[in-house]
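Visitor: Could you walk me through some ring pairs and side-chain surroundings?

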Amino acid sequence: MMTRCALLLIAAVILDRILGDPVYRFHPVRLMGKTIQTLEGPIRSWGLPALWGGVLLVAASLFIWMGGVLILYAVIAFSGAAVWLLTLYLVYSCLAFRDLAHHIRPIIFAVAGNNLETARDLLQKVVGRDTAVLDRAGIIRAAVETTAESLVDGFLSPLFWFF
């Protein structure tokens, strides 16, 4: 069992490295985000304290997505290959290491080439802060912060939860 899990993980990482994060409407992570976005409004309208609204949002999202995945696994349980492929697809879909590198590498090259205006423009695509006011150190700091956060969100957390 551990060997299969290790092979699955290696295959998912290789797929992410080769293909990157596919952009399409029914991407599982995008669908989860859409689910949260859809549930958030009604839950907020109930007037619950923020903590309990957040707990309810997490619980409802987990119920929908974990329930759906468990039902899907139950439907395909007869086929070991189908279970393996579904698991590979789900793990691969949660990884975004190649895309992280794709977005950060040009910022690093722009800063190294002392092209701070280009670095600011590229950085603006991956951070929520105003990059127009950042100096060289600020650009580097913002790039490191977003790299660290995205590494956790798009690589380390999926690996942790897969284990």
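Guide: What follows is a short talk about aromatic pairs and one threonine. The model is predicted, so local features need pLDDT of at least 70 and side-chain atom pairs count only at pLDDT 80 or more, while totals for chains, interfaces and linings use all residues. Residues are numbered from 1 along each chain as its sequence is written, and side-chain values use heavy atoms, with hydrogens and water left out.

Visitor: How many aromatic pairs are there?

Guide: The count is three, where rings of Phe, Tyr and Trp (its six-membered ring) pair if their centres lie within 6.5 Å, and planes under 30 degrees apart are stacked, over 60 edge-to-face and the rest tilted. One of them is the tilted pair of Phe 97 and Phe 155, at 5.1 Å centre to centre with 50° between the planes.

Visitor: Which helices does that pair link?

Guide: Phe 97 lies in helix H5 (residues 97-112) and Phe 155 in helix H7 (residues 136-162), 58 residues apart; helices here are DSSP runs of H or I with at least four residues, numbered from the N terminus.

Visitor: And Phe 155, buried or exposed?

Guide: Phe 155 is buried, because its relative accessibility is 17% and buried means under 20% relative accessible area, with exposed over 50% and partly exposed in between (1.4 Å probe, protein chains only). Phe 97, at 36%, is partly exposed.

Visitor: Switching topic, what does Thr 146 touch?

Guide: Leaving aside residues up to four places away in sequence, Thr 146 touches Ile 104, Val 126 and Val 127, a contact being heavy atoms within 4.5 Å. Thr 146 sits in helix H7 and is buried at 11%.

How values were computed. Helix = DSSP H or I, 4+ residues; strand = E, 2+ residues; numbered from the N terminus.
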